Structure formats: C-alpha cells, structure tokens
Amino acid sequence: KLHSARLASKKGYKVLLVDDGLQHRRLKRDIDIIVMDGQDLWGRGAFLPAGFLRDSPRRLAKADIILISHVAEGEEFQRLKRELQKHT
C-alpha cells in the first residue's frame, strides 16, 4: 500500500482512499475514517483470522471519523456511541 500511495502521489493524485490503511503506520494520512459494524463492533472479540478485528480498539482514539453501519437511529445508536466513547 505504501508503494501504491507513492506512485499515486507521483502521478499527481490528491486523494487516496485506502481500505485497512490504519495499520500502515508509515503511510502519511490526513484523515482516518473507521467504519464499524453496529451488529458486531468488536469483530467477535478476536483478531483475524479468528475474528474480524484488524487493529486494537485503542487505535480508535486516532480516528477523525467513526462510522457505524447496520444500526438504526435512537437508543441502539446511543448505546453503541457510549461503548465507542470508552476508547475515543
């Protein structure tokens, strides 16, 4: 991913959207956006391949934006928000 980012920059691209880019510590980022599944915030509580976590929940504090998918508005959203605030 780092090589691809360098190549895109050399070609003059101004925006590069990277999936799973948070783990690439050497990749310079302007904005970190994390998308989480509201039906399973903590990815079965284990890292890949046993679960779906790709990074430590502590890294959520570095995020500029956290999007929660698969959640209705109202109390469920508020509950998930409170759960995430423990790490942000």
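**View 1. Overall arrangement of the protein.** Of the contacts in the protein (heavy atoms within 4.5 Å) with a separation of 6 or more, 57% are accounted for by residues 24 or more positions apart. This is a predicted model, in which local features need pLDDT of at least 70 and side-chain atom pairs count only at pLDDT 80 or more, whereas totals for chains, interfaces and linings use all residues. Residues are numbered from 1 along each chain as its sequence is written, and side-chain values use heavy atoms, with hydrogens and water left out. Along the principal axes, the C-alpha atoms fill a box of roughly 45 × 30 × 20 Å.

**View 2. The largest nonpolar core.** A nonpolar core is a set of buried Ala, Val, Leu, Ile, Met, Phe, Trp, Tyr and Cys residues joined through side-chain atoms within 4.5 Å, where buried means under 20% relative accessible area, exposed over 50% and partly exposed in between (1.4 Å probe, protein chains only). The largest one here has 9 residues, namely Leu22, Ile34, Met36, Leu41, Leu60, Ala63, Ile68, Leu80 and Leu84. Strand S1 (33–37) and helix H2 (75–85) are the elements that give two or more residues to this core. Leu80 touches Gly38, Leu41, Ile68 and Val71, when residues up to four places away in sequence are not counted.

**View 3. A nonpolar surface patch.** Ile31, Ile33, Val35, Ile65 and Leu67 make a nonpolar surface patch of about 460 Å², with accessible areas from the Shrake-Rupley method and a 1.4 Å probe. Patches of this kind are made of residues with over 30% relative accessible area and no salt bridge, with nonpolar side chains (Val, Leu, Ile, Met, Phe, Trp, Tyr) joined within 5 Å; a salt bridge is a side-chain nitrogen of Lys or Arg within 4 Å of a carboxyl oxygen of Asp or Glu. The elements that supply two or more residues to the patch are S1 and strand S2 (65–69). Leu67 lies in strand S2 and counts as partly exposed because its relative accessibility is 43%.

**View 4. Glycine 51 in the loop.** Gly51 lies in the loop between S1 and S2, and it counts as buried because its relative accessibility is 2%. Leaving aside residues up to four places away in sequence, Gly51 touches Gly43, Arg44 and Ala46.

Key. Helices (H or I, at least four residues) and strands (E, at least two) are DSSP runs, numbered from the N terminus. Patches are made of residues with over 30% relative accessible area and no salt bridge: like charges are joined within 9 Å, nonpolar side chains (Val, Leu, Ile, Met, Phe, Trp, Tyr) within 5 Å.
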